[in-house]
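I opened this notebook to keep track of what I looked up in one structure. The entries follow the order in which I went through it.

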Amino acid sequence: MHKYREKTDVELVKLALKDQEEFAQLMERYEEKLLRYIRRFAGLSQECAEDVLQEAFLKIYRNLNDFDTSLKFSSWAYRIVHNETINYIRKHNDKKTVGLETDDPDIVSLIDILESDTDVSGDVAKKELSEKVRHVLATLPAHYREILVLRFLEDMDYSEISDILKKPMGTVATLLNRAKASFKQLALENNLTL
Amino acid sequence: MSKLSKSVLGKIKKCHIKPKPRWQFVALRVLFWVLFIISVFLGSMATGIIMSQLAGVEWGFVHFVGGNKAIGFLMVLPYIWLVFFGLTLFLAHKSFEKTKKGYRHKSITVIGLILVLSVILGVVSHQVRAAHGFEDMLRTHVGTYDKWEDYREGMWMNPENGIIVGEIIEIDSDTTFILNAITGEIWAVDTAEAVFKGCNDPEIGMGAFVTGESVEKGDFDADQVKLIGGDHHRSPFGGKFERKCGE
């Protein structure tokens, strides 16, 4: 296993093209990140997110020859996962997506993950405030929520987001500003001081 | 190895899934570039034809076509080509967007560049008469288009509104010529009291816009005559008249 840690994504792609067993290395490298992204973005349960990711990995494998080495593999993989997640949501018509304010123990909501990974939980220590943040994020439109997730939780730069969403960087910046403004507006309406 | 990775790998093996060959992706990318180039080419042809058709319109006479200038102007616009140009613009934009890194550019920039490119190429195609050739080919091979253009030309033939257009086929006297109208009717045009716009020397083979009054069937008293024809005139009458004014 250790030998794979040194290898770049491009090298792993080349290996996977030669031997399908090697594709497992790429999956191992990205599984956790991509699962987290799906759950943060779409608020899917662990089980549903895994279904989406499984399909996405199969798609990634089928399209390995389409990977453009001038891009980051991660951006390319996120792009495929993004599409697969949207397809899943459309197909299931939100049946398995959850409101972020849900208390269903089987479902980890987006805000739970957000809180566990960001300073939001530190800033909003009190449970009451935490609930409000949760509500605010849950009510954000999906495209705003996604761009906030990519920028602030996945810590991606504009260029990577542009490659994932297939939008020009200027549009990404605009969308991000709108998402932030929308979040702040909703926060105000919910008497939330951040 | 995680459960998920095992499951994916298992499915890959079980279903004999293989990565699609690289050539398929390359072919797809090439296809989008080809579509883009074809769209820009057709767009520039459309622009060239629009320019030719607009250049061929006798703007001083359009009020005879529609009753007033505004309606006349709207009636003579080459709508088919404007719509076609819009479609090529859309197709070129969509094809470009689907190229490898097309998404990185703003739609407004891409559309602007395609527009500029189409206009430049359109001017060139108009100048070198490639657009004319393209349109002639359409008129020869696409009956519906030919009929449509005949209809558009026919709009200029409106004796009730005081305008007739056609080719001079005979010079009867110093003040009368015989006009074979674009609708096929023969008119004797009396130019005794007419003002000639541009050149004033009608000759057989020239085209003529004549305004005035239809005195009886086949006779027309002209008050204005504009002799037309030659290379710079295109639709609605381009290529119909062999002689250029002043030749």
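Below are my entries, from ground rules to single residues.

**Ground rules.** I am working with a predicted model, in which local features need pLDDT of at least 70 and side-chain atom pairs count only at pLDDT 80 or more, while totals for chains, interfaces and linings use all residues. Residues are numbered from 1 along each chain as its sequence is written, chains are lettered from A and ligands numbered from 1 in the order in which they are written, and side-chain values use heavy atoms, with hydrogens and water left out.

**Chain B overall.** I counted eight helices and six strands in chain B; helices (H or I, at least four residues) and strands (E, at least two) are DSSP runs, numbered from the N terminus. Along the sequence the pattern reads α-α-α-α-α-α-α-α-β-β-β-β-β-β. I then looked up the radius of gyration of chain B, which is 27 Å, whereas a compact globule of 247 residues would have one near 18 Å. That radius is taken over C-alpha atoms, and the globule rule is 2.2 Å times the number of residues to the power 0.38. Along the principal axes, the C-alpha atoms of chain B fill a box of roughly 100 × 30 × 30 Å. Of the 247 residues in chain B, 43% are buried (buried is under 20% relative accessible area, exposed over 50%, partly exposed in between, with a 1.4 Å probe and protein chains only). I also checked contacts, meaning heavy atoms within 4.5 Å. Among those in chain B between residues at least 6 apart in sequence, 65% join residues at least 24 apart.

**Largest pocket.** I took the terms down before using them. On a 1 Å grid over the protein atoms alone, a cavity is a set of points where a 1.4 Å probe fits but cannot get out; a pocket is an open set with protein on both sides within 12 Å along at least five of seven lines; lining residues have an atom within 4 Å of a point. Grid points are joined across faces, edges and corners, and a volume is the space filled by probe spheres set on the points. The largest pocket has a volume of about 850 Å³. Its lining has 24 residues, and those nearest the centre are A:Asp66, A:Trp76, A:Arg79, A:Lys166 and B:Lys98. Two or more lining residues come from each of helix 5 (73-92) and helix 10 (158-165) of chain A, and helix 2 (22-56) and helix 5 (79-98) of chain B. Helix 5 of chain A gives the most, with five residues. By class I noted eight nonpolar, four polar and twelve charged residues in this lining. Here Ala, Val, Leu, Ile, Met, Phe, Trp, Tyr, Cys and Pro count as nonpolar, Asp, Glu, Lys and Arg as charged, and the others, Gly among them, as polar.

**Largest cavity.** How many cavities of 30 Å³ or more does a search of the whole structure find? It finds one, and about 30 Å³ of space lies in the largest cavity. Helix 3 (23-42) of chain A gives the most to its lining, with five residues. The lining has nine nonpolar, no polar and no charged residues, including A:Phe23, A:Tyr30 and A:Phe57.

**Helix 10 of chain A.** Is this helix enclosed or open? Six of its eight residues are buried, so helix 10 of chain A is largely enclosed by the rest of the structure. Its buried residues pack against helix 3, helix 5, helix 9 and helix 11 (169-189) of chain A. After the helix comes A:Lys166, with a positive phi near 55°.

A:Glu154 lies between helix 9 (142-153) and helix 10 of chain A and is buried, at 11% relative accessible area. Its side chain makes a polar contact of 2.8 Å with that of A:Tyr78 (a pair of N or O atoms within 3.5 Å; within protein, one must be able to donate a hydrogen and the other to accept it, and residues adjacent in sequence count only if both atoms are side-chain atoms). Leaving aside neighbours within four places in sequence, A:Glu154 is also in contact with residues including A:Lys33, A:Arg36 and A:Arg40. A:Asp155 is in that loop too, but is exposed, at 62%, and its phi is positive, near 60°.

**Two residues of chain B.** B:His16 sits in the loop between helix 1 (3-14) and helix 2 of chain B. Its phi is positive, about 50°, and at 65% relative accessibility B:His16 counts as exposed. B:Phe73, in helix 4 (residues 69-76) of chain B, is partly exposed at 39%. Not counting residues up to four places away in sequence, B:Phe73 touches B:Trp59 and B:Val62.
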